[in-house]
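Welcome! Please take a moment to look over the sequence and the structure before reading on. The report below goes through the chains, a pocket and a few individual residues.

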Amino acid sequence: MRKSTALLFGYNDYTLEIVKNISLYYENIEIFRLDESSDKNIQNSKYKISRFDLSDDWDELKDSVNIDECTAFCVLEDTAENIFLTISLREAFEELTIVALAEDKESADKLSLAGASKVIPTIQTTANMIVEMLEKPIITQVLHNILYEKSDLKIAQIRVDNAHKFEGVYPYDIDWGAEYNVLVLSVLREDLETEFIYSSKAKHHQIKEGDVFVVVGYEKDLGEFERIMGSRYD
Amino acid sequence: MLKRLIVDGAYAISTSKRYAKIKHFFYNFLENDSNKYKKIFDLFMIALIFSSVAILIREVKSHVDDSLLFFNNYIISIIFLIEYLLRFWVTSSVSEIIIKHSEYDVMLKREFSLLKAFREIIAIKMRYVFSIKAIIDLFAILPFFHELRLLRLFVLFRVFKLFRYAKSIQTFGSVIATKKFEFLTLFIFASIVIFVSSVLIYVMEANNPTSPVNTLFEAIYWAVVTISTVGYGDIAPVTEEGRIVAMFVIVAGIAVFSFTTSLIVTAFTEKLDEIKDDKLINDIAKMKSFYLICGYEGISKEVAKKLSHNSDIIVLEENDKKARQAKKDGFFALNYDPGSIDSYRKLRINIQDQVKAILCLGHSDVENVYTALTVRSFNKDVYILSILKNKMNKNKLMFAGVNEVFYEKELVGMIAKGLAGQKIAFEAIHALRSSYNGVDMQEIVINERIAGNYRSVGKLQSKKFRILLLGLHKSDSKEFLFNPKDDTTVEAGDYLLLIGNIQFIKEFNSFLYKKDGR
């Protein structure tokens, strides 16, 4: 699932925060800026920064990187330009993973229509976080620590590679917590649908080769669990 | 010697906590609209007024039982008298006036003048006694002296007391009062028209034997009936000159009538927002707990929408257009500046007890720092959350006393990290967070009752309800126990963190309140 290059379109505060957080996951990060501003900051950047314009046909990009191994982040501050950029990238690269920023729900819908693989509506996301923090402070803190690795607890996606051990067994039947000290939250089936472990669909789904479990547990237990499942976790 | 005694007495009263408490209680009881007993008291007084008027009406043509008359003449009057005396007492503080004069004289190194102090006390008390409301109160007591037949009519003054108890009548009065000058002009105009036309009609018609106008009183009566556009028709001019006067009065009457209507409508339109805000402030004062959102645009709109599902929220927005929009969106919104202490004073709320959190969600860091500092200047403990627009200003917000800062761009970075690192896991958590497919994450606080029913995690039987017990948050050690063992003790104050179908979680929650699940 790992991609080798992150392509960030737009040079602003969002870019800096994204770069800071994703640098561990990508071998290569390239930033593309639309205007001449922020030149002072650019000089200090440790990443390659090039210029682009919205009428680009991306030929240079095609030659410089393996586009199948890339994830594009469209973070232009002007919504119309961001939509145009997304549609332009999708037109050129059918399989490219495009993560785009949207200010609100309306822009998010337009970006999805334009072909973005994942849209982050900033206003909604921030509002959700604020509300969760106020209404469910403890669970928000725990999840935050798990997701962003600020505690010993980790979340992992583990592939089932030796399903014969669980032949005819439903994920629902096993007390994962008692047996392996991990909690299976959900199962990603071969049809790419994620189902909560206790949902009625998951209840009727026998464990199969290739299923991916989303699991929470301590690093040591997750390693052991991954060994039992016959795969590596990341 | 007497002066010394009086001043000592004034100090004793002024410093007595018990006396202050009693006086404060009666003041709230009689004058404070947000006092919970005042509404009951007002309703009781309104009931007394109506029963008194009903007895008066019944008395006109039928015999009324002696006990009812006794109730009307004595019991009600005595209750009104007590109320009058209490209002007279709480309206101003005699002891404070004496102390003020005494200290003033000491400061100027001259002998304390008891006479001057008494003069001020009398002036202040008399100001109250001669206020319209106090006069009505006094007249309402007069039927007590029912032996004087004329005084019985003063029962009707009890109706005027309704002004005091019915808030809507007070509002109407205050609205009309804003157009005092216009109404006075109108009154003078109408009086001149009535005076001139009644004299004219008298001069034109009085000597005509066929005319019904024979006296000046009949002429004035005709002018008043005509100008008011009522026109009974019992008196009408018969001479040509008289009819010309009538035409003039009719036209003036239309003007007076339309001017009065437009004055009342304008007064109401102008005061409408204020009236609505007043009502809103009264409603807010009665709320037990709510979030106070400062600013209404972008993020705050979304936060308000989401928080309003489970909690009450109040929006403070300085910009009139945005405040209107918040009202239109169905929120309790006030067009007040969140950065002004006066706004919170006007709200008449107890921030410590009523406000769950103050959310500074204005469009700039400058605005949010200012709001946070304003709140901190009068309350040190209330929880303040703020959004951060520019990372450089984070310390300024923390310095201003904000408890939690949300930086939108940092959140986006973290989401990008989640998507880059563990896409499936991240999406799964995201789906759970958004209550996708009815699955939600909830925290249930263990209270004494639940802790009494179930002493260990194993007894909770969460699996039976098809929900995942992610962990237990221990209140004493502030520790999070992931996947707790069955023998882990459950204590009051702990939190259960659960993931599951919302409906199943609700069922599980009600199960916890039943001893051994029964």
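## The model and its two chains

Before we start, please keep in mind that this is a predicted model. Let us begin with chain A, which has 234 residues. Its fold includes 10 helices and 10 strands. Chain B has 518 residues, and its elements come to 25 helices and 10 strands.

## How chain B fills space

How spread out is chain B? Its radius of gyration is 35 Å, whereas the globule rule gives 24 Å for 518 residues; the value for the chain is well over that, so chain B is more spread out than a compact globule. If you draw a box along the principal axes, the C-alpha atoms of chain B fill roughly 110 × 75 × 60 Å.

## Burial, surface and contacts

In chain A, 56% of the residues are buried. The accessible surface of this chain is about 11300 Å², and carbon and sulfur atoms account for 46% of that area. For chain B, the share of residues that count as buried is 44%. Here the accessible surface is about 28700 Å², with 63% belonging to carbon and sulfur atoms.

Contacts tell us how parts of a chain come together along the sequence. Take the contacts in chain A between residues at least 6 apart in sequence: 58% of these join residues at least 24 apart.

Now turn to the second largest pocket, which holds about 1100 Å³ of space. Several elements of chain B give two or more residues each to its lining: α2 (17–31), α3 (36–61), α10 (162–165), α11 (167–177) and α14. Which element gives the most? That is α14(B), with nine residues in the lining.

There are 35 residues in the lining of this pocket, and those nearest its centre are D33(B), K38(B), K167(B), Q170(B) and N282(B). By type, the lining consists of 17 charged, 10 polar and eight nonpolar residues.

## A lysine in helix α14

Helix α14 of chain B runs over residues 240–286, and K271(B) lies within it. Is this lysine buried or exposed? K271(B) counts as buried because its relative accessibility is 15%, and the cut-off for buried is under 20%. Leaving aside residues up to four places away in sequence, K271(B) touches S174(B), V175(B) and T178(B).

## Two residues with positive phi

Most residues other than glycine have a negative phi. With that in mind, have a look at T229(B), a residue other than glycine whose phi is positive, near 65°. You will find T229(B) in the loop between α13 (216–227) and α14 of chain B. It counts as partly exposed, because its relative accessibility is 41%.

R466(B) also deserves a look: although it is not a glycine, its phi is positive, at about 55°. Where does R466(B) sit? Its place is in the loop of chain B between α24 (457–460) and β8 (468–474). R466(B) is buried, because its relative accessible area is 18%, and buried means under 20%.

Terms used
Residues are numbered from 1 along each chain as its sequence is written. Chains are lettered from A and ligands numbered from 1 in the order in which they are written. This is a predicted model: local features need pLDDT of at least 70, side-chain atom pairs count only at pLDDT 80 or more; totals for chains, interfaces and linings use all residues. Side-chain values use heavy atoms; hydrogens and water are left out. Helices (H or I, at least four residues) and strands (E, at least two) are DSSP runs, numbered from the N terminus. Buried means under 20% relative accessible area, exposed over 50%, partly exposed in between (1.4 Å probe, protein chains only). Contact means heavy atoms within 4.5 Å. On a 1 Å grid over the protein atoms alone, a cavity is a set of points where a 1.4 Å probe fits but cannot get out, and a pocket is an open set with protein on both sides within 12 Å along at least five of seven lines; lining residues have an atom within 4 Å of a point. Grid points are joined across faces, edges and corners, and a volume is the space filled by probe spheres set on the points. Ala, Val, Leu, Ile, Met, Phe, Trp, Tyr, Cys and Pro count as nonpolar, Asp, Glu, Lys and Arg as charged, and the others, Gly among them, as polar. The radius of gyration is taken over C-alpha atoms; the globule rule is 2.2 Å times the number of residues to the power 0.38. Accessible areas come from the Shrake-Rupley method with a 1.4 Å probe; for residues, only the protein chains shown count as cover.
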